[in-house]
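My notes follow the order in which I checked things.

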Amino acid sequence: QRVSEGIALTKSLGVEVMLLPFFGDGALKTPAEMDKVGDILRELAPDAQKAGVILGLEDTISARDNVRIMERAKSPAVLTYYDVGNSTVNGHKVVEEIRWLGAERICEVHLKDNPHFMGEGPIDFPAVVDALVDLRFARWAVLETSSPTRDVAADMKKNLTYTRGLIDARLAQG
């Protein structure tokens with residue numbers, strides 16, 4: 001019911017992607033849970049597609065498991081909202097997964113390396129940016145970063161400067 005109501009709300013806000021979070025207590029852990037989500041989304045996806053809304057799966061499961069859900073939903077309105085931090089913490093090979101998914105199965109990307117500044121933790125952001133550029137990913141990549149110093153404005157500036165520098169350098173390469 002909430003997702004159904006959210007589709008109408010997302011459309012009325014003029015936003016294209018409705019993030020569907022599946023982590024914490026709502027994390028998907030079994031194939032049966034993934035199948036159930038796919039089945040429910042198969043029922044809701046026609047309304048989302050008609051409204052021009054994409055239902056973005058953000059979770060802690062593998063890219064292949066996300067595709068399992070998307071294939072079960074049988075709709076171009078159900079895509080992966082890929083979170084490099086969640087995937088890294090859960091042992092997934094982020095760059096391989098992004099390349100395997102391809103731009104057509106990713107609606108948006110969360111970029112974070114919490115609790116670190118971007119580029120100072122375990123995630124290989126130059127490789128992540130290379131993968132997204134190589135795929136010609138043209139949707140939003142959103143910084144979802146923590147504030148290590150608790151000066152939110154300064155920390156966001158540092159993370160944004162780093163990320164824009166990576167993207168600019170990669171685009172300059174062609």
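This is a predicted model: local features need pLDDT of at least 70, side-chain atom pairs count only at pLDDT 80 or more; totals for chains, interfaces and linings use all residues.

**Salt bridges.** I counted 11 salt bridges. I looked up Glu16 and found it paired with Arg139, the closest N and O atoms being 3.2 Å apart. The two sit 123 residues apart: Glu16 is in the loop between H1 and S1, and Arg139 is in the loop between H6 and S5. Glu16 is partly exposed at 41% relative accessibility. Arg139 is partly exposed as well, at 35%.

**A pair within H2.** Next I took Asp39 and Arg42, whose side chains form a salt bridge at 2.9 Å, N to O. They are 3 residues apart in H2, so about one helical turn separates them. Asp39 has 25% relative accessibility and counts as partly exposed.

**A buried pair.** Are Lys112 and Asp83 buried or exposed? I read 11% relative accessibility for Lys112, which is buried. Asp83 is buried too, at 2%. Their salt bridge spans 3.0 Å, N to O. Lys112 lies in the loop between S4 and H6 and Asp83 in S3, so the bridge ties together parts 29 residues apart in sequence.

**Helix H6.** I then went through H6, residues 125–134, where the buried residues include Phe125, Val129 and Leu132. Among the elements covering the buried residues of H6 I noted H4, H5, S4 and H7. Just after H6, I found Arg136 with a positive phi of about 60°.

**Gly102.** Last, I checked the loop between H5 and S4, which holds Gly102. Gly102 is buried, at 4% relative accessible area.

Conventions. Residues are numbered from 1 along each chain as its sequence is written. Side-chain values use heavy atoms; hydrogens and water are left out. Buried means under 20% relative accessible area, exposed over 50%, partly exposed in between (1.4 Å probe, protein chains only). Helices (H or I, at least four residues) and strands (E, at least two) are DSSP runs, numbered from the N terminus. Contact means heavy atoms within 4.5 Å. A salt bridge is a side-chain nitrogen of Lys or Arg within 4 Å of a carboxyl oxygen of Asp or Glu.
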